[in-house]
Amino acid sequence: MQDEELPILAALKLSLQIFLLHAFLEPAHFPVCPKGKKNILVFAMSDLEAAGAASPSGSPTLRIDTARDRYPYCVVWTSLPLITWIFPFIGHTGICSSAGITYDFAGPYTINEDNLAFGRPLKYWQLSPSGVHGDNWDAAVSDGCKEYRMRMHNLCCDNCHSHVAFCLNRMQYQKKTDWTMFTIGIMMMLRGRYVSYRAMVLTWLPFVCFVVLLALVLHFFK
């Protein structure tokens, strides 16, 4: 009986290890808001000044407001049904304006504004305004949206990641013009931060269930 349980236990152990490894590789990065407080993440004032952002009494800052889905200067990520359940690192991305409004390439000739095609953001990667060396941030995002409103969506070759890469290339972020769908995916995986513990669970729970189910199937039909 003990031998028969080994494949299931091994699958559970593997799923837990992957989940924990991913969690700790992303140095947690989101504080848990005290009870009764709004779920708002605020950078230190020194960080805002270093990035060229205005003070709270002035123009928009780098403040992230997850309750209102406002992610200034961010690339955001949410899960894709079925695909993310099996491959947790693959998802749907969008890019945000300096005011934090999301824009994503949702389908052929379609750019969504302030409404990600597959649900609210689960992860975000905040960039620095000081890294922009071409068009200013909002102009580059606007140009990218105009361009992709004229493009057919291709899941493998010209997709939501490509739209984000196009915007970063227009602004020459970090003095680079070679951003691609692959570099966006890699950076989102390495630098992305979950908006909450719930978002992490929503991302990984389907994958854990899939691994356990697969282990059960392989065990009973071997």
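Trainee: In the hairpin of β5 and β6, which residue takes a positive phi?

Mentor: Tyr 109 does, with a phi near 60°. Keep in mind that we are looking at a predicted model. The hairpin has two residues between its strands, β5 and β6.

Trainee: How many bridges join β5 to β6, and which way do the strands run?

Mentor: Four bridges join β5 to β6, and the two run antiparallel. For a landmark in that pairing, find Asp 104, which stands opposite Asn 112 in β6.

Trainee: Okay, and what should I know about side chains when I look along a strand?

Mentor: The general idea is that side chains in a regular strand alternate between the two faces of the sheet. Gly 107 has a relative accessible area of 7%.

Trainee: Why does Gly 107 count as buried?

Mentor: The cut-off for buried is under 20% relative accessible area, and Gly 107 counts as buried because its value is 7%. Another thing to check is its distance to Tyr 148: the two C-alpha atoms are separated by 9.4 Å, though the residues are 41 apart along the chain.

Trainee: Let's zoom out. In what order do the strands of the open sheet come?

Mentor: Read across the sheet, strand by strand. The order is β6-β5-β4-β3-β7-β8, six strands with antiparallel pairing. At the edges you find β6 (110–113) and β8 (193–194), each of which pairs on one side only.

Trainee: How many bridges join β7 to β8?

Mentor: Two bridges join them, and β7 (residues 123–126) runs antiparallel to β8. Here the landmark is Lys 123, standing opposite Tyr 194 in β8.

Trainee: Which strands does helix α4 lie across?

Mentor: Look for α4 at residues 137–148: this helix lies across β3 (74–79), β4 (91–96), β5 (102–107) and β6.

Trainee: Now salt bridges. How many does the structure hold?

Mentor: Seven. When you meet one, ask which parts of the chain it connects. Take Asp 143 and Arg 170, whose side chains meet at 2.8 Å, N to O. Asp 143 is in helix α4 and Arg 170 in helix α5 (residues 160–170), so this pair ties together parts 27 residues apart in sequence.

Trainee: How accessible are Asp 143 and Arg 170?

Mentor: Asp 143 is partly exposed, at 24% relative accessible area. Arg 170 is partly exposed too, at 37%.

Trainee: Which residues meet Arg 151 in salt bridges?

Mentor: One is Glu 147, at 3.0 Å, N to O. Another is Asp 158, at 3.2 Å, N to O. Salt bridges that share partners also join Asp 135, Asp 143 and Arg 170 into one network.

Trainee: Are these residues around Arg 151 buried or partly exposed?

Mentor: Check each in turn. Arg 151 has 23% relative accessible area and is partly exposed. Glu 147 is partly exposed at 25%, while Asp 158, at 16%, counts as buried.

Trainee: Where is Phe 89 found?

Mentor: Phe 89 is in the loop between α3 and β4. Its relative accessibility is 39%, so Phe 89 counts as partly exposed.

Trainee: Last one: how many helices and strands are in the protein?

Mentor: Seven helices and eight strands. Of the 222 residues, 43% count as buried.

Key:
Residues numbered from 1 in each chain as written. Predicted model: local features only at pLDDT ≥ 70, side-chain atom pairs only at ≥ 80, totals over all residues. Heavy atoms only, no water. Pairing = 2+ DSSP bridges. Contact = heavy atoms within 4.5 Å. Axes fitted to C-alpha atoms, helices over the stretch in contact; angles between N-to-C directions. Buried < 20%, exposed > 50% of the residue type's maximum accessible area, 1.4 Å probe, protein only. Salt bridge = Lys/Arg side-chain N within 4 Å of Asp/Glu carboxyl O.
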